[in-house]
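Let's take a walk through this protein together, with the sequence and the 3D view side by side.

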Amino acid sequence: MAFAAFQFDPQKMKFYASCADGLDTFLREELSQYRLKIISSGRAGCSFRGSKEQLANFTLKTRFSSRVSVILKEFYVTGPEELYQTAKQFPWEKLLPSSKSFSIDANTSDQLANSRFAMYRLKDAIKDRLREKKKDIPEITKNNAAYCILLRSTKGKVSLQLSLSSIPLHKRGYRVKNTGSPLRETLAQAVLTYSGWQHSENILDPFCGSGTLLIESALLLQQNGEINRQQMMNSSVYEKVFGSLTARDIRKKIWPKLIGSDSDANAVEIANENARTAGVADHISFVVKDAKQISEFAKELGQGHIITNPPYGIRIGDEEELKPLYQNLGKIFKDHFSGFAITLICGNRALPAHLKLKEEKSLKLPIAGLKGKISHYRIL
């Protein structure tokens, strides 16, 4: 049976948005902004409902979701065999066309402690169901599948979901190359949000690395907030749930100044290449410059935000070595950037104190497995 035989009514269905660790608060606030009804929430994400228009708008614009998916079925299990038996009762033949490939992503716990084994049992259930219904079995692949089935479980409750995008939303495809451990795109969006940055305000990133923070800000401006439109345009699932999308030519007439600098020439070259791939190179200026020399940007920018991810080290002793950098940086901020808002994301919670600036607010959250935080200041 064709994919079209499975009837989606978004206003009667429940959806789920997953998020990276530490971004659940941002996600809940975002869902509330779109007037979506949160049914349940946790550190990994939220389930919710809403009108078709609200759901479609959220999916195109969500800044903190790793995936947005339709919940197909929820049930309780005592183990992998009950997962198999229950999943086999679902009408997969009405959902999965034989001409399209699919993948399965599993994240399970408790009664399904072995995620890999649970994934195999779900795959067996789908294949056996299709055989019983005398349907051709679609290709099952890890990468570039047309449809992604998600298996989630916690406290014995299983959720079978169909992702609206075949790949995670934060993988926007512009990262041709990276430097070190770049910020995840959704985390960069959280930093931009926490900073209070308004879309007309200038930004300086003096430790730009591969350019993620500025590229993410430029994408918001260029796409009028619809940072997931391109992915959804290529999604058969999104089209079936919400209708087809077309390309939009949104040309912003007036752009703020977006400047990124780094002492590493190779990093600046990578940032420029990533910006070109993202289609925003004309709107960002990446230059080679040591952080000690950023005072000259103050006059060019006038006012605005400094939003950055400075070095924080990962080894014992790194904090002592980096203290002088932060001390010097704090002095530059105080001496040359009066009126600016400063927002730092740092994987070492102790280092920002060496700026010697009065912290307006801060938020603790994990960064690449480290105990990090976002710190916000205002230079008077």
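This is a predicted model: local features need pLDDT of at least 70, side-chain atom pairs count only at pLDDT 80 or more; totals for chains, interfaces and linings use all residues.

## A buried serine and the helices around the fold

You will find Ser-163 in strand E7, which covers residues 157-163. Which side chain does the side chain of Ser-163 touch in a polar contact? The partner is the side chain of Arg-67, at 3.0 Å. Setting aside neighbours within four places in sequence, Ser-163 is in contact with Arg-67, Val-68, Ser-69, Cys-148, Leu-150 and Val-237.

Now to the helices. Two packed helices are described by the angle between their axes and the distance between the axes.

| Helix pair | Angle between axes | Axis distance |
|---|---|---|
| H3 (residues 80-88) and H4 (residues 115-132) | about 30° | 8 Å |
| H5 (residues 185-195) and H6 (residues 212-222) | about 75° | 9 Å |
| H6 and H9 | roughly 20° | within 11 Å |

Let's start with H3 and H4, whose axes are 8 Å apart at an angle of about 30°. That angle makes H3 roughly parallel to H4, and their crossing is right-handed. On the H3 side, the contact is made by Pro-80, Glu-81, Leu-83, Tyr-84, Ala-87 and Lys-88. These meet Phe-117, Ala-118, Arg-121, Leu-122, Asp-124, Ala-125, Asp-128, Arg-129 and Glu-132 in H4. By class, the contact of H3 with H4 holds eight nonpolar and seven charged residues, with no polar ones.

Next come H5 and H6, which pack at about 75° with their axes 9 Å apart. How do these two helices lie relative to one another, roughly parallel or roughly perpendicular? The angle makes H5 roughly perpendicular to H6, because values from 65 to 115 degrees count as such. From H5, the contact uses Glu-185, Ala-188, Gln-189, Val-191 and Leu-192. From H6, Thr-212, Leu-213, Glu-216, Ser-217 and Leu-220 take part. Sorted by class, the contact of H5 with H6 has five nonpolar, three polar and two charged residues.

H6 also packs with H9, where the axes come within 11 Å and cross at roughly 20°. H6 and H9 are therefore roughly parallel to each other, and H6 passes H9 in a right-handed crossing. Here Ile-215, Leu-219 and Gln-222 of H6 face Ala-271, Asn-274, Ala-275 and Ala-278 of H9 in the contact. This time the contact of H6 with H9 divides into five nonpolar and two polar residues, with no charged ones.

An α-helix has 3.6 residues a turn, so residues three or four places apart point the same way.

How many of the eleven residues of H5 are buried? Ten of them are, so H5 is largely enclosed by the rest of the structure. The buried residues of H5 include Glu-185, Leu-187, Gln-189, Val-191, Tyr-194 and Ser-195. H5 is followed by Gly-196, whose phi is positive, near 80°.

H6 is mostly covered too, with ten of its eleven residues buried. Among them are Thr-212, Leu-214, Glu-216, Ala-218 and Leu-221. And what do the buried residues of H6 pack against? They pack against helices H5 and H9 (265-278), along with strands E8 (203-205), E9 (258-262), E10 (285-288) and E11 (305-308). Just after H6, Asn-224 takes a positive phi of about 50°.

## Lysines in the loops

To finish, let's visit some lysines. Lys-134 has a positive phi of about 55° although it is not a glycine. Its place is in the loop between H4 and strand E6 (147-154), and at 75% relative accessibility Lys-134 counts as exposed.

Lys-356 is another non-glycine residue with a positive phi, of about 60°. You will find Lys-356 in the loop between strand E12 (341-346) and strand E13 (359-367). Is Lys-356 buried or exposed? With a relative accessible area of 57%, Lys-356 is exposed.

Lys-171 lies in the loop between E7 and H5. Lys-171 is partly exposed, with a relative accessible area of 49%. From Lys-171 to Ser-210 the separation is 39 residues in sequence and 15 Å in space, C-alpha to C-alpha.

How values were computed: Residues are numbered from 1 along each chain as its sequence is written. Side-chain values use heavy atoms; hydrogens and water are left out. Axes are lines fitted to C-alpha atoms, for helices over the stretch in contact, and angles run from 0 to 180 degrees between N-to-C directions. Helices (H or I, at least four residues) and strands (E, at least two) are DSSP runs, numbered from the N terminus. Angles under 35 degrees count as roughly parallel, over 145 as roughly antiparallel, 65 to 115 as roughly perpendicular and the rest as oblique. A crossing is left-handed if the near helix is turned anticlockwise from the far one by less than a right angle, and right-handed if clockwise. Contact means heavy atoms within 4.5 Å. Ala, Val, Leu, Ile, Met, Phe, Trp, Tyr, Cys and Pro count as nonpolar, Asp, Glu, Lys and Arg as charged, and the others, Gly among them, as polar. A polar contact is a pair of N or O atoms within 3.5 Å; within protein, one must be able to donate a hydrogen and the other to accept it, and residues adjacent in sequence count only if both atoms are side-chain atoms. Buried means under 20% relative accessible area, exposed over 50%, partly exposed in between (1.4 Å probe, protein chains only).
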